[in-house]
Amino acid sequence: MVNAPPPPSWSNQQQTTTSEPVGPPAGFWIRFLAYIVDGFILALALIVIGGVIVGLVVALGGSSGKDSEAAIGVGIVFALLIYFVVGWLYEAVLTSGPHGATFGKQAVGVRIVRADGAPLSFGRATGRHFLKILVTPMVPLAIGYMLAGFTQGKRALHDFMADTLVIKTR
């Protein structure tokens, strides 16, 4: 049996938690309302983007029956890919920006910050976005989202994973 040295002491490391609250947490319903507003904004973007792309693909793809159907299918897939990127950039750029919130969150008076109260970086905002749309929905019965109504800091699963808080600004 070999005697291994003891593990290093972690007592010298600085903690990132703060003792004072960064703001009152935003609950489930206000976050849901912001989600509806943002969904409406992005749906309008999808209609415009999809209409333009499908129109261009049909115009360039031909007018015969089979060619037209294939062109419309390709246009729809392309529009959805662009919508995916637009949704990501909409959330990541706005939540890492000076307001710390998308237009829907600004409308209801909430913003997103790191757990220590600092603003989000673009990378953390990107990570939070993809956790919210790819990981949190995997939890059955929307429990990952409903955690925002029952946890002490009103945090959903993606907030825990990205170490973020959604706080009220007014």
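Colleague: Which residues form a nonpolar patch on the surface, and how much accessible area do they have together?
Modeller: In this predicted model, the nonpolar patch consists of Phe84, Val85, Leu89, Val93, Phe122, Ile133 and Leu134, with about 550 Å² of accessible area together. Patches are built from residues with over 30% relative accessible area and no salt bridge; like charges are joined within 9 Å, and nonpolar side chains (Val, Leu, Ile, Met, Phe, Trp, Tyr) within 5 Å. Accessible areas come from the Shrake-Rupley method with a 1.4 Å probe, and for residues only the protein chains shown count as cover.

Colleague: Which elements give two or more residues to the patch?
Modeller: Those elements are α2 (65-95) and α4 (122-135). Helix α2 gives the most, with four residues. Helices (H or I, at least four residues) and strands (E, at least two) are DSSP runs, numbered from the N terminus.

Colleague: Where is Ile133 found, and why does it count as partly exposed?
Modeller: Ile133 is found in helix α4. Ile133 counts as partly exposed because its relative accessibility is 32%. Buried means under 20% relative accessible area, exposed over 50%, and partly exposed in between (1.4 Å probe, protein chains only).

Colleague: What should I know about the conventions?
Modeller: Residues are numbered from 1 along each chain as its sequence is written, and side-chain values use heavy atoms, with hydrogens and water left out. Because the model is predicted, local features need pLDDT of at least 70 and side-chain atom pairs count only at pLDDT 80 or more, whereas totals for chains, interfaces and linings use all residues.

Colleague: Changing topic, how many salt bridges are there?
Modeller: The count comes to six salt bridges, each defined as a side-chain nitrogen of Lys or Arg within 4 Å of a carboxyl oxygen of Asp or Glu. One of them joins the side chains of Asp159 and Arg31 at 2.5 Å, N to O. That pair links distant parts of the chain, with Asp159 in helix α6 (residues 157-162) and Arg31 in helix α1 (residues 28-61), 128 residues apart.

Colleague: Is Asp159 buried or exposed?
Modeller: Asp159 counts as buried, at 0% relative accessibility.

Colleague: Which residues are linked in a network of salt bridges?
Modeller: The network links Arg31, Glu91, Arg128, Lys132 and Asp159.

Colleague: What is in the largest nonpolar core?
Modeller: The largest nonpolar core has nine residues, including Ala26, Val110, Ile112 and Val166. Such a core is a set of buried Ala, Val, Leu, Ile, Met, Phe, Trp, Tyr and Cys residues joined through side-chain atoms within 4.5 Å. Not counting residues up to four places away in sequence, Ala26 touches Arg31, Val110, Lys154, Val166, Ile167 and Lys168, where contact means heavy atoms within 4.5 Å.

Colleague: How many helices and strands does the protein have?
Modeller: It has six helices and two strands, running α-α-α-β-α-α-α-β from the N terminus on. Buried residues make up 29% of the 170 residues.
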